Amino acid sequence: MTGAAGKDSWIHLRLPLLLWGLTRIVVLLCAFKVVVVPGPDVTREVGEIYRGWFEVLRSGTYPLDDATWQYPPAAAFAVLAPALLPFLGYTAAFFLLAFLCDAFVFGLLVRTGRRPGRSMRGAWLWLAAVPLLGPTAYARYDIMVAAVAVAALLAAVRSPRTLGVLAGFGAVLKVWPALLLVGTPKGRVTWRSWPVAAGAGAAVLLWCAVWMPGSLAFLSYQSERGTEVESMGAMVFHVARNLGWDGVARMNYGSMEFIGPYVPWVSAAAMGTTVLAFGWLALWRFRARRFVSSTTADAAFVAVLLFTVTSRVISPQYMIWLFGLAAVCLAYRSSRMRRPAHLVLWATAVTQFEFPVWFWHVTESDPLGIAVLFLRNGLLVAAALSACRILWRHTVTEAGVVRIAVPADRPEGERILTGSGPSRR
């Protein structure tokens with residue numbers, strides 16, 4: 001792009017780049033504790049837990065005796081990644097890698113948003129969401145997983161195989177990226193992406209198993225987790241504690257969980273709602289008849305929202321999954337997920353107060369802790385219900401309605417797919 005048009009485009013790009021740089025300086029200052037955020041030290045996990053795993057992994061085995069190791073085997077790549085920057089200490093190197101992943105995602109969203117039929121709304125959402133979450137965004141390896149997921153979804157329209165490779169690798173990195181495949185268009189795209197994802201995931205899993213012993217040790221520790229104090233199910237016990245319930249909140253398997261009567265029942269109920277949610281997704285996929293350029297991202301966003309709100313654990317870093325996928329949805333003009341995406345953004349802002357600022361109030365189940373937790377979780381439930389309704393209406397209920405696309409709606413060469421075949425201009 002040259003001349004006046006190129007100059008005008010660069011002027012419009014300077015503001016988001018400037019704001020991204022300024023906000024990330026603040027996040028880094030918080031991560032390095034130059035600016036101290038009230039509440040528990042969110043960076044402790046990198047300096048102590050991740051660093052401990054790093055030393056064990058370097059010795060040639062997974063952390064077999066550490067109950068806090070609850071991640072798929074490819075998570076070792078993220079934990080070992082700071083070794084790529086030997087001139088820095090472990091914690092500083094980790095923060096720098098998280099910063100680079102943040103920049104990579106923002107760059108992808110900006111590049112996509114400047115294409116015909118796309119939108120910069122996704123880049124703006126990502127720009128705002130990371131600082132709203134605070135230093136937690138750089139103090140967990142989830143931002144690295146989000147980078148893989150965002151790259152996979154943005155590649156889906158043009159290269160289903162790339163989507164498959166990245167989704168398969170991401171699933172062995174932290175499970176949830178497997179849900180990126182839920183909304184692939186039926187037929188050729190699915191047959192190109194799903195087998196590739198299975199093959200990529202199996203190859204990485206096999207490589208990890210051969211590489212070091214204990215690659216599947218995480219399964220037993222993950223299955224023994226209970227109801228974490230920030231989850232949906234925990235809301236029952238927060239209220240019950242004020243009505244005489246004699247359970248307690250304490251550190252268990254690496255997070256604050258409720259221990260006491262009826263907790264196993266609530267944990268089992270959470271797993272049951274997850275099964276029901278996935279059943280709804282299976283029904284949606286069977287009934288869906290219209291797939292547009294944004295459907296793969298929209299369905300992935302819905303799937304991960306359902307996976308999150310029905311989980312026994314809703315850690316603050318889970319918000320990175322959600323606003324990352326929300327940003328991809330908003331990068332497509334054909335997406336209708338603006339409302340649930342904005343609800344997720346608000347939930348991200350509340351999350352920093354829930355953890356770390358007022359986390360002590362949450363663990364004590366006092367009125368302030370209950371209020372902030374109910375607000376955050378209520379926003380997530382509203383986002384999930386709204387997103388499910390939008391996805392069903394857009395792909396099932398309205399699938400029989402003839403839709404005439406305007407040129408700005410999608411790039412040249414993309415098609416709207418329905419149960420009866422591709423629509424024609």
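Let's start with the lining of the largest cavity: Thr112, Arg115, Arg118, Leu154, Val157, Arg158 and Tyr332. This is a predicted model, where local features need pLDDT of at least 70, side-chain atom pairs count only at pLDDT 80 or more, and totals for chains, interfaces and linings use all residues. Residues are numbered from 1 along each chain as its sequence is written, and side-chain values use heavy atoms, with hydrogens and water left out.

What is a cavity here? On a 1 Å grid over the protein atoms alone, it is a set of points where a 1.4 Å probe fits but cannot get out, and lining residues have an atom within 4 Å of a point. The volume, the space filled by probe spheres set on points joined across faces, edges and corners, is about 40 Å³ for the largest cavity. By class, three lining residues are nonpolar, one is polar and three are charged; Tyr, Leu and Val count as nonpolar, Arg as charged.

Now to the surface. Leu15, Leu18, Leu19, Leu22, Ile25, Leu29, Phe32, Val34, Val35 and Trp124 form a nonpolar patch with about 890 Å² of accessible area together. Patch members have over 30% relative accessible area and no salt bridge, and nonpolar side chains are joined within 5 Å. Helix α1 (residues 3-31) gives the most, six residues.

Buried or exposed, where does Ala147 fall? Ala147 is buried, because its relative accessible area is 6% and buried means under 20%. Ala147 sits in helix α6 (residues 142-155). Val105 is 42 residues away from Ala147 in sequence, yet their C-alpha atoms are 5.6 Å apart in space.

Technical notes. 1 Å grid on protein atoms, 1.4 Å probe; cavity = no way out; pocket = protein on both sides within 12 Å on 5 of 7 lines; lining within 4 Å. Patch = residues over 30% accessible without salt bridge, like charges linked within 9 Å, V, L, I, M, F, W, Y side chains within 5 Å. Areas by Shrake-Rupley, 256 points an atom, 1.4 Å probe, with all protein chains shown as cover. Salt bridge = Lys/Arg side-chain N within 4 Å of Asp/Glu carboxyl O. Helix = DSSP H or I, 4+ residues; strand = E, 2+ residues; numbered from the N terminus. Buried < 20%, exposed > 50% of the residue type's maximum accessible area, 1.4 Å probe, protein only.
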